[in-house]
Amino acid sequence: MTDHDLLSDAALEVPAARRPRRGAPGTLIAGCILLGLVITVALVSYVHLPYPPQQIGGGRLQPPSRAHWLGTDTLGRDLFSQLMVGARIALAAGGGSVLLGGIIGVVLGLAAAFAQRWLDDAIAAVLDILIAFPTLLLAMLIVAARGATLGSAIVAIGLAMSAIVARLTRILAKRVLSTQYVTAAATSGTGWLGVILRHVLPNIWPTLIVNLALQFGLAVLAEASLSYLGLGAPPPNASWGRLLQQAQGTVYSAPVGAIAPGVALVVLVLGANLLADGLRDVLDPTRRSR
Amino acid sequence: MTAYVFRRLGLLLVSLLVAAVVIFVLLRMLPGDPANALVAVGATKEQIAAARHAVGSDQPLPAQFVTWIGQLARLDLGTSFVSGLPVGPQLVQRLVVTVPLTLLGFVLAVLIAAPVGFVAARFSRSAVGIVFSAASQLGVAVPVFWVGILLVWGFALHWHLLPAGGFPQEDWSAPGQALRSLTLPVITIAIVMSSSVARYVRAGCIEILGSDFIRTFRALGSSFGSAMLRHGMKSVAVPVISVLGIELATTFLGAVVIENVFALPGLGSLLVTGIAQHDYPTIQGVLLLTTLIVLIVGFLADLTQRLIDPRLRGAHR
């Protein structure tokens with residue numbers, strides 16, 4: 001029994017002839033390059049910035065020039081420097097939410113899978129309802145309750161994500177638990193922790209990792225949406241979503257300001273999605289890239 | 001089937017009740033007393049006490065909850081703390097914008113996604129398939145509000161073809177003008193949504209193409225198109241419909257952001273101002289209505305799947 005059996009039954013029905021040949025998946029490489037680019041920019045921003053991001057000078061809404069690579073914003077701040085700082089926020093939002101949502105989700109999902117039948121049913125029902133509950137609206141409420149900060153946004157997105165991760169973990173774990181080798185292990189005296197560490201986690205992590213990589217991209221987009229609505233990291237934090245909101249009013253006279261942060265978002269989210277696709281191909285050869 | 005419908009409706013009601021509790025509890029975590037919305041800065045203690053009494057925030061929380069649920073049972077959503085107007089009619093007025101926006105965007109997205117996904121599956125091994133994959137990856141990664149901003153730049157500000165925002169016709173007395181205002185937001189929704197739906201259509205078609213019954217039809221001489229249209233469509237539709245249910249709900253929620261891009265007076269903008277003003281009845285009303293719509297969409301998606309696929313009807317989930 002290997003990982004393959006844990007994936008969707010549909011994947012198993014794919015005729016052998018249609019499977020792709022294994023090789024270095026281009027999606028994985030492309031995803032790593034795009035993600036690496038954003039991470040590099042974020043790291044460089046700690047060491048060197050062309051201008052302090054809040055420094056006002058150089059004229060308002062300047063077009064791109066050698067002094068200001070992407071021009072300046074409505075207050076005369078260097079856009080490229082703000083974009084570099086924004087990379088930190090985007091990565092923190094994505095990484096923080098995935099960490100929080102991943103930990104809560106996996107623990108909750110495993111707990112449900114191991115729990116008594118009634119408790120499992122109860123958790124499953126609540127998860128279904130939570131998933132039906134509007135994620136963005138839930139996030140807006142939590143942000144409003146805790147104040148609009150990056151931390152609130154991460155908590156909000158992470159909590160909403162944890163329900164999705166928990167449901168996936170529960171389903172995957174239950175499939176492993178229903179196998180005969182787990183019954184055999186339990187009968188021969190392996191404790192529940194041993195079963196989790198030796199049998200459940202090794203079998204479910206490939207699927208979880210792929211899902212978390214997808215969730216990373218969604219979390220980045222969610223943070224950008226919150227910031228765009230004025231519910232993310234407050235000014236003067238240069239979140240890409242907030243940069244877009246600022247630039248919207250001047251898109252006609254200074255289009256670069258409204259284009260650059262969007263491109264940055266696409267690069268990061270695309271990178272995460274391609275990474276997820278690539279990982280899926282590597283970790284699970286039966287599933288074709290879609 | 002009837003038993004299933006009733007069971008499913010029961011679940012819907014329970015979900016709605018749970019959602020009501022979640023909304024109530026979360027809202028009470030909001031900082032600040034809702035009465036603050038009523039009084040001016042520097043109000044006396046008596047004025048504040050009167051305001052607290054007026055909005056009911058001097059009552060203990062369980063009592064407030066019971067009052068609210070009691071009102072809900074009578075389909076009364078209360079009155080706005082800020083404007084003093086009943087919330088229900090206000091929601092209906094906002095739906096006049098949000099519902100057409102969502103549905104038109106959804107229909108356009110499906111009209112784009114179905115043929116595109118189908119063609120991408122047919123030619124999945126050629127250049128067409130690669131172009132499709134690249135385009136759909138891009139479409140999934142793009143922030144929806146950014147697409148909106150770019151469309152406004154091009155079609156409204158540069159070419160002056162369509163209005164950049166606003167919605168002057170809240171009563172739809174001039175449908176043409178109202179539709180013009182909705183054109184760009186609808187296209188924005190359709191662009192982003194169609195790319196993810198098309199991916200599912202393509203995946204579903206590829207799955208069916210490999211199945212024995214399609215191979216048999218092809219061997220019997222029917223063309224690719226007629227084999228898919230006459231025999232494969234239903235099989236593809238079942239998984240796609242469950243995705244569509246989720247997508248429609250997501251789009252409805254995404255309308256919050258879209259409405260902000262285009263300054264449309266819909267549910268989303270009502271919610272954002274409600275949160276800013278601590279207007280509890282309005283926030284509760286918007287959230288509850290949104291949840292109800294999301295739940296109903298899920299219900300309809302499940303029901304449609306069962307109508308199409310007899311195999312699901314016997315199964316009890």
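Conventions to start. Residues are numbered from 1 along each chain as its sequence is written, and chains are lettered from A and ligands numbered from 1 in the order in which they are written. The model is predicted, so local features need pLDDT of at least 70 and side-chain atom pairs count only at pLDDT 80 or more, while totals for chains, interfaces and linings use all residues.

Confidence next. The model scores ipTM 0.82 and pTM 0.84. Chain B averages a pLDDT of 82, pLDDT being the predictor's confidence in each residue, from 0 to 100. In chain B, 93% of the residues score at least 70. Where in chain B is confidence lowest? In helix α12(B), residues 310–314, at a mean of 70. The highest is α6(B), at 90. Where pLDDT is low, the predicted coordinates should not be read in detail.

Now chain A. Helices here are DSSP runs of H or I, at least four residues; strands are runs of E, at least two; both are numbered from the N terminus. Of the 290 residues in chain A, 48% are buried. Buried means 20 or more other C-beta atoms within 10 Å of the residue's own, exposed means 12 or fewer, and partly exposed is in between, with C-beta atoms placed from the backbone. Take contacts in chain A with a separation of 6 or more: residues 24 or more positions apart account for 72% of them. Two residues are in contact if their C-beta atoms, placed from the backbone, lie within 7 Å.

Look at α9(A), residues 240–248. Why is this helix largely enclosed by the rest of the structure? Because nine of its nine residues are buried. Among them are Trp240(A), Arg242(A) and Gln245(A). What do they pack against? In chain A, α3 (79–114), α8 (192–228) and α10 (255–283); from chain B, α6.

Stay with α9(A) and α10(A). Their axes come within 8 Å and cross at roughly 155°. Axes are lines fitted to C-alpha atoms, for helices over the stretch in contact, and angles run from 0 to 180 degrees between N-to-C directions. So α9(A) is roughly antiparallel to α10(A); the cut-offs are under 35 degrees for roughly parallel, over 145 for roughly antiparallel, 65 to 115 for roughly perpendicular, and oblique for the rest. The crossing is left-handed, that is, the near helix is turned anticlockwise from the far one by less than a right angle; clockwise would be right-handed. The residues of this contact divide into eight nonpolar, three polar and no charged. Nonpolar covers Ala, Val, Leu, Ile, Met, Phe, Trp, Tyr, Cys and Pro; charged covers Asp, Glu, Lys and Arg; the others, Gly among them, are polar.

Over to chain B. α7(B) and α9(B) pack at an angle of about 150°, with axes 9 Å apart. They are therefore roughly antiparallel. Their crossing is right-handed. The contact residues split into 15 nonpolar, seven polar and one charged.

Next, α10(B). Seven of its ten residues are buried, including Leu267(B), Val272(B) and Ile275(B). Just after α10(B), His278(B) takes a positive phi of about 55°.

Most residues other than glycine have a negative phi, and most peptide bonds are trans. Two loop residues of chain B deserve a look here. His160(B), between α6 and α7 of chain B, has a positive phi of about 55°. It has 9 C-beta neighbours inside 10 Å, so His160(B) counts as exposed. Ala263(B), between α9 and α10 of chain B, has a phi near 50°. Ala263(B) is partly exposed, with 13 other C-beta atoms within 10 Å.

One more loop. Thr79(B) sits between α3 (61–73) and α4 (87–122) of chain B. Buried or partly exposed? Partly exposed, with 16 other C-beta atoms within 10 Å. Leaving aside neighbours within four places in sequence, its contacts include Pro281(B).

Last, the contact between chains.
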